[in-house]
Amino acid sequence: MLVYLTAECCGYPISIFFIVVNEFCERFSYYGMRAVLVLYFRYFLLWDDDLATSIYHAFVALCYLTPILGAIIADSWLGKFKTIIYLSIVYAIGQVTMAISTIHDITDANRDGTPDNFTFHIALSMLGLILIALGTGGIKPCVAAFGGDQFQEHQSRQLNTFFSVFYLCINAGSLLSTLITPVLRAQECGIHTQQQCYPLAFGVPAVLMVISLVVFIAGSGMYVKTDPEGNIMWSVCKCIGFAIKNRFRHRSSSYPKREHWMDWANEKYDKLLIAQIKMVLKVLFLYIPLPMFWTLFDQKVSICHFSGLLGGLPDQMQTVNPILILTLVPIMDRLIFPLIQKCGLNFSPLKRMTVGMLFAAMAFVSAALVQIEIDKTLPNFPSSSESQLKVVNTYSTTLNVTISPNEHLLIESFGVQLHTSKHTYSTISCMFVNGYTADLNITNLDSIEPSATTNYTLVNQGKRDFVLRHGEQWCEFSRKFGFGASYTFLIPSTVFSDDCESITEVEDMKPNSVHMALQIPQYFLITTGEVMFSVTGLQFSYSQAPKNMKSVLQAGWLCTNAVGNIIVLIVAELGKLPKQWAEYLLFASLLVAVSIIFSIMAYFYTYIDPAEIEAQVRKEQGLEPEEMEKETLEMEEKDEDQKNEQGVKQTKI
Ligand SMILES: C[C@H](N)C(=O)N[C@@H](CCCCN)C(=O)O
């Protein structure tokens with residue numbers, strides 16, 4: 001019997017250090033770029049909100065579809081190691097292309113601070129995004145599976161810990177980059193004119209991707225590398241095709257039934273291949289209901305009403321999830337799961353995933369309850385048979401307005417009657433009414449003509465300063481804004497003579513009165529769900545896959561994510577229920593239904609040890625003892641050469 005003693009530290013192969021650092025840098029690169037992507041679309045390419053979010057979601061969905069390609073390349077052609085290297089190069093080129101596309105000076109011939117040739121910037125950034133999607137998605141199933149390959153059979157406990165640490169690194173990278181890149185974007189830079197520094201915000205993720213590649217290559221000599229066994233995907237497709245055809249040919253009841261429909265490939269294909277396909281199909285079948293979890297998970301941003309929680313901005317709110325993950329993964333791994341085990345309960349991976357789904361459903365129930373509270377604080381909006389009217393009096397005395405036949409409004413000088421706008425809970429908006437006798441310029445707003453109003457403009461929470469200008473005259477005023485509120489500012493004709501003192505503020509809609517802390521349970525529940533579902537799913541996909549299809553099953557797992565993202569896009573297009581809380585409850589109920597279906601499917605699933613099944617099939621095929629020994633010897637020789645090359649110690653016992 002052969003046992004390989006690879007270079008180890010505390011029972012873990014040293015090579016996984018390079019893999020987790022590589023993952024940290026790669027996720028920093030990916031999430032850092034994503035954190036500023038929509039801002040780049042909106043404020044650099046000047047796309048409208050709809051186009052920016054659609055392209056963003058399409059990009060994210062593509063990133064979770066390309067893993068299939070990466071897995072096929074790895075398992076059928078190049079092997080995981082080379083696939084990771086080649087696709088990381090593509091990824092790094094994509095990040096650099098993306099960073100270059102954000103340099104406005106390249107096309108800013110008239111030096112006014114904005115690009116002159118948008119087509120150039122759009123084309124370059126789309127090329128960059130396609131390369132990034134190919135790279136990030138392509139390597140994703142390979143890195144996790146390659147990490148798993150570094151462990152030997154007796155290291156199953158360490159293997160599970162590895163997947164948890166792997167997930168921690170993903171979230172540490174995501175956390176740091178989501179904090180840093182928006183700050184980098186807010187800097188000013190440029191060759192001829194100063195602009196928001198998108199090149200830096202996209203450039204740092206590009207550098208991190210190059211570092212990720214260098215770290216991975218640095219570990220080359222230590223990895224356990226498994227070569228692909230020919231074009232396995234093509235063999236799998238042909239074998240499945242043959243089984244279906246053969247089954248169809250023998251559909252008459254005179255032919256004896258076979259245990260599994262794949263057994264109809266027995267006539268032509270190797271029993272081992274058939275057994276491996278059965279293992280993969282069993283797991284893929286189990287994955288069918290899983291996209292529903294990701295549909296809810298990827299909508300979590302929309303259940304976060306209070307963007308100002310912890311005093312942060314919406315950009316930085318994305319950091320709450322990785323912070324909670326970094327806290328919850330060790331708590332679950334070291335405390336909760338061992339405690340459950342001590343109580344004699346069998347908390348198997350599929351049970352954990354089911355409970356994870358239920359946690360996500362509870363997060364949506366909690367969101368619905370908060371929404372009901374929020375709705376109570378909102379003003380009454382006109383029903384479909386009513387309308388609302390807003391009248392602003394910029395005249396110098398109180399006015400009596402009659403609306404025929406018999407309604408009367410009494411409006412004081414610079415007063416307002418009724419408000420009409422409805423807006424989301426986490427925004428603050430304000431508008432200005434110009435009662436001055438000439439055009440006015442207000443900071444960050446277009447100029448307003450006399451007696452005209454601006455549209456509602458979104459402003460950030462807290463104290464904000466405004467400067468009003470007309471020619472040489474100007475004055476400045478500050479106001480404090482609360483979340484969810486809406487204001488109208490009435491500017492009288494005396495505005496410059498009393499230094500902005502006479503500006504009247506009307507509160508159209510009150511700031512939020514529902515406490516921000518009510519959002520904490522939602523975050524907690526959805527992240528607990530993620531830890532139970534996502535980390536376990538990653539481990540499960542690795543442990544249940546045959547050796548030559550590890551990447552393929554990882555890709556299958558990631559595909560559940562892609563389908564979830566596509567469902568989010570479809571749901572957004574189909575429209576919404578009239579009541580937000582009802583929509584949350586609908587999603588929660590759907591996930592509960594799906595988790596019940598999943599638990600039934602899980603009940604009938606038998607956990608396997610792929611290596612054991614493979615050995616058994618080989619034995620049945622009569623490969624043992626001579627042929628199997630021959631195969632083993634060939635493998636030993638191959639591995640020995642590889643180990644000698646890598647300078648890794650090998651002992652025969
Ligand atoms: C940052 C996030 N909590 C995370 O861990 N993401 C993972 C899994 C992605 C699935 C979510 N759509 C990652 O690999 O980035």
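**Entry 1: words before looking.** I call a residue buried when its relative accessible area is under 20%, exposed when it is over 50%, and partly exposed in between, using a 1.4 Å probe and protein chains only. I also note that this is a predicted model, where local features need pLDDT of at least 70, side-chain atom pairs count only at pLDDT 80 or more, and totals for chains, interfaces and linings use all residues. Residues are numbered from 1 along each chain as its sequence is written, and side-chain values use heavy atoms, with hydrogens and water left out.

**Entry 2: I331.** Is I331 buried or partly exposed? I found a relative accessible area of 35% for I331, so this residue is partly exposed. I331 sits in helix 12, which covers residues 320-342. Helices here are DSSP runs of H or I with at least four residues, strands are runs of E with at least two, and both are numbered from the N terminus. I then looked at I331 and A363, which are 32 residues apart along the chain, and found 19 Å between their C-alpha atoms.

**Entry 3: the whole chain.** I counted 18 helices and 17 strands in the protein chain. Of its 653 residues, 50% are buried. The chain exposes about 31,900 Å², and carbon and sulfur atoms supply 60% of that; accessible areas come from the Shrake-Rupley method with a 1.4 Å probe, and for residues only the protein chains shown count as cover. A contact means heavy atoms within 4.5 Å. Among contacts with a separation of 6 or more, 74% join residues 24 or more positions apart.

**Entry 4: the nonpolar cores.** A nonpolar core is a set of buried Ala, Val, Leu, Ile, Met, Phe, Trp, Tyr and Cys residues joined through side-chain atoms within 4.5 Å. In soluble globular proteins, nonpolar side chains tend to be buried together. The largest core in this model has 127 residues, and those touching the most other members are Y30, L37, F41, F59, F166, F202 and W557. Which helix gives the most to this core? I found helix 1 (residues 15-43), with 12 residues. Where does this core lie? Domain 1 (1-228) and domain 2 (230-376 + 515-653) both give residues to the core, so it lies between them. The domain bounds come from an automatic or database domain assignment.

**Entry 5: around the ligand.** I found 14 residues surrounding the ligand, and the closest are Y31, K140, N171, N321 and E530. For this, a residue counts as near if one of its heavy atoms lies within 4 Å. Next I listed polar contacts, which are pairs of N or O atoms within 3.5 Å; within protein, one atom must be able to donate a hydrogen and the other to accept it, and residues adjacent in sequence count only if both atoms are side-chain atoms.

- N171 has a side-chain N or O atom 2.8 Å from a nitrogen atom of the ligand.
- N321 places a polar side-chain atom 2.6 Å from a ligand nitrogen atom.
- E530 has a side-chain N or O atom 2.8 Å from a nitrogen atom of the ligand.

How much of the ligand does the protein bury? Taken alone the ligand exposes 410 Å², and the protein buries 92% of that. Helix 1, helix 6 (156-186) and helix 10 (291-297) are the elements giving two or more residues to the shell. Helix 6 gives the most, with 4 residues.

Entry 6: T354 has 11% relative accessibility, so I wrote it down as buried. Leaving out residues up to four places away in sequence, T354 touches S595, F598 and S599. R352 is buried as well, with a relative accessible area of 18%. By the same rule, R352 touches F337, F347, M532, T536 and Q539. R352 and V531 are 179 residues apart along the chain, with 9.3 Å between their C-alpha atoms.
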